[in-house]
Amino acid sequence: MFGLNTFYLKFFLSNIKHKDDGWSHTSLSLISGGLSGATTLCMFYPLLFCQTHLAAHVGPLVDREYTGLLDCIQKTVHTNGVRALYTGFAIAANGMVINKAIYFGAYYSFNKTILDHSNSLVSIDEKDTKLPFWIRFGTAQVSTYLSQLFSYPLDTIGRMLIVQTAQEEKLYLNARDCFTKLWKSQGISGLYRGMLPNMIRSSGSALILVLHDEFKWILSKMGLFGGEIQDD
């Protein structure tokens, strides 16, 4: 996903005029992040489908509906066809686009804004080419929190639709019906159920984002990576 985001961002920055404008850079960062998330989801959604099913069926092995990844795929395809592996894809794709657009886009935009502001206060000789690690980790953490906040309800609906595929009687007709019933029965708390552990776990995602940025910087200094996205 990181490679796809870099590819899309470099493509846009090299083909669109006025890329140095703050709003243009922010827009391109959001678009490239969303596209990278959507592309990744298209390739790996069946694995996410099986992961959700396996996580929902806990208990003794003999009582579980699926014994493993391959068993889950085989039984799902045999019962409902290949299309069933993409149940809830549309709502999940919307959530992934929002999540990764903010995750990547906000991170690069925050860093660029802070760096440009700090450099505007000093002479040319004193300008920095990148922000300190702790500031980038802070912007990554904020970006991760925001991405979770805006995309989690869609993720909840997608998981609910996936889990019910194994049930004979469907509780929800589609994503809209799922949202309506959750909102009426549980309110907004139903859409954000389980978000706190995700928020705690997001520190790892923020750290990965900063370390990826750091490795790109090191490789660019060694001449092994063509330029630094953040400074474009």
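Is Thr40 buried or exposed? In this predicted model, Thr40 has a relative accessible area of 13%, and because buried means under 20%, Thr40 counts as buried. The residue sits in helix α2, which covers residues 22–56, and, when neighbours within four places in sequence are left aside, its contacts are with Met1 and Leu4.

## The nonpolar cores

Twelve residues make up the largest nonpolar core, and these are Tyr8, Leu9, Phe12, Leu28, Tyr103, Phe104, Tyr107, Tyr108, Ala140, Ala206, Leu209 and Val210. Two or more of these residues come from each of the helices α1 (2–15), α4 (89–119) and α8 (195–221), with α4 giving the most, namely four residues.

Phe104, a member of this core, is in contact with Met1, Phe2, Asn5, Gly33, Ser36 and Leu209, again leaving aside neighbours within four places in sequence. Another core, of eleven residues, lies apart from the largest one and includes Tyr45, Phe49, Cys72 and Ala93.

## The nonpolar surface patch

On the surface, a nonpolar patch is formed by Phe133, Leu207, Leu211, Phe215, Ile218, Leu219 and Met222, which together have about 620 Å² of accessible area.

Leu207, one of the patch residues, is placed in helix α8 and is partly exposed, with a relative accessible area of 37%.

Key
Residues are numbered from 1 along each chain as its sequence is written. This is a predicted model: local features need pLDDT of at least 70, side-chain atom pairs count only at pLDDT 80 or more; totals for chains, interfaces and linings use all residues. Side-chain values use heavy atoms; hydrogens and water are left out. A nonpolar core is a set of buried Ala, Val, Leu, Ile, Met, Phe, Trp, Tyr and Cys residues joined through side-chain atoms within 4.5 Å. Buried means under 20% relative accessible area, exposed over 50%, partly exposed in between (1.4 Å probe, protein chains only). Contact means heavy atoms within 4.5 Å. Patches are made of residues with over 30% relative accessible area and no salt bridge: like charges are joined within 9 Å, nonpolar side chains (Val, Leu, Ile, Met, Phe, Trp, Tyr) within 5 Å. Accessible areas come from the Shrake-Rupley method with a 1.4 Å probe; for residues, only the protein chains shown count as cover. A salt bridge is a side-chain nitrogen of Lys or Arg within 4 Å of a carboxyl oxygen of Asp or Glu.
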